[in-house]
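Try each task before you read its solution.

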Amino acid sequence: MSQTQQLAVDMVDPEPIRFLNAEGRYSPSSSAADYAAELDGVGIEEYKQWYRDMVETRAFDTEATHLQRQGQLALWVPSIGQEGCQVGLAHAAEPQDHVFPAYREHTVAKVRGVDFIDMLKLFRGFSHGGWDVTDPKNGNFHLYTLVLAAQTQHASGYALGQLLDAKARAAAGTLDAGEAGIATGEATMAFYGDGTSSQGDANESMIFAASYQTPAVFVVQNNGWAISVPVERQSRTPLYRRALGFGIRAVQIDGNDPLAAFAVGRRFLRLARDGQGPGYIEALTYRIGAHTTSDDPTRYRENAELEAWRERDPVERMAAYLREQGVDDAFFAEVAAEADRKAKLVRDEILQLPPPDADAMFANVYSEAHPRIEEQRVWLERYESSFETNQEMQG
Ligand SMILES: Cc1ncc(C[n+]2csc(CCOP(=O)(O)OP(=O)(O)O)c2C)c(N)n1
Ligand SMILES: [Mg+2]
């Protein structure tokens, strides 16, 4: 056995932090006790909203997959199965916090205020990003990033900026520096996947966060797979231990338990805002669907694994918890009907959107005119108009 394997075996991991068991019963793991107070003040209305967010996003997600299958989207990235950690973490964030997603964070996007229709625009090729990050309605939710780990650098840099701004305010005497560090009053959360944790960018981002003690919280949704590569091939240790190696506080949570995600997210974000440095949350979850609509997971994973995770579905778990609290059938029926209504609305709206102006793709490359880009624009214009000429000739 190599030394690396030996080290991995020697350290004992605490149980992942969990409040709801697989059946949705309140049954905290030993590691959860320290976080229970973070749920104080969260009442049944909040829990019902979390459930609604998950169900509406799932209905939208399913509709988006249908749209792709019907040729209306170029690609779709399903998030079914991962709504639990997303809903908890999204609600743990404060309005002033910033969120840098990968591409599968549809529940987080929804909670922060992004419209479903805007989430589809990118995948229909109708927009370079989908939504306006500077519009306050979109909750500081930055653009989806398909280049793995690029967003971890954006997030780490943004958090450094939050810290430097706070330092400048402290120097100007408008902010109390506090004893533990500089309280920024706002934090940055970066989402990425288990596979992405192997990228250099993700690791460099953690070095910056640790060295400068920035208010960054890294969230790794460990869904077991990077397309067809299992997480065991990516790492000889549980992923959260890597963050410990960088000197970042890190824990592992049950990623299908919205309560655990909320409690740990709330604590880590608050510590970050208070000047106590960065955090790292490894959420153990599973993607129930394909990696994207271009993938066929039956080629690389076992049905038994999928079924075992279906048993731990975050939406079902939350429903069971709500029922235990006395929430009745009428609520669940109303949520289901509203989710269907919104999914249908998105379908109708996306099909009616006018196609974008082709010039926009050239206009957005450089801030000023560029001869090569102009050459390409003219070429496309001529090419497009050649069809009109042909049609006229045929007519
Ligand atoms: C820099 C870069 N390399 C490779 C890819 C191709 N790619 C897209 S998704 C993916 C797997 C990512 O897995 P993970 O980080 O676990 O996220 P998940 O898709 O499971 O949410 C790969 C290799 C890419 N988009 N960007
Ligand atoms: Mg993954």
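A polar contact is a pair of N or O atoms within 3.5 Å; within protein, one must be able to donate a hydrogen and the other to accept it, and residues adjacent in sequence count only if both atoms are side-chain atoms. You're looking at a predicted model, where local features need pLDDT of at least 70, side-chain atom pairs count only at pLDDT 80 or more, and totals for chains, interfaces and linings use all residues. Residues are numbered from 1 along each chain as its sequence is written, chains are lettered from A and ligands numbered from 1 in the order in which they are written, and side-chain values use heavy atoms, with hydrogens and water left out.

**Exercise 1.** Find polar atoms of the protein that lie close to ligand 1.

Step 1: look at threonine 196, where a polar side-chain atom is 2.5 Å from an oxygen atom of ligand 1.
Step 2: go to leucine 146, whose polar backbone atom lies 2.7 Å from a nitrogen atom of the ligand.
Step 3: check leucine 148, with a backbone N or O atom 3.2 Å from a ligand nitrogen.

**Exercise 2.** Which domains does the assignment give?

Solution: the automatic or database assignment gives domain 1 (3-356) and domain 2 (363-394). Their centres, taken over C-alpha atoms, are 41 Å apart.
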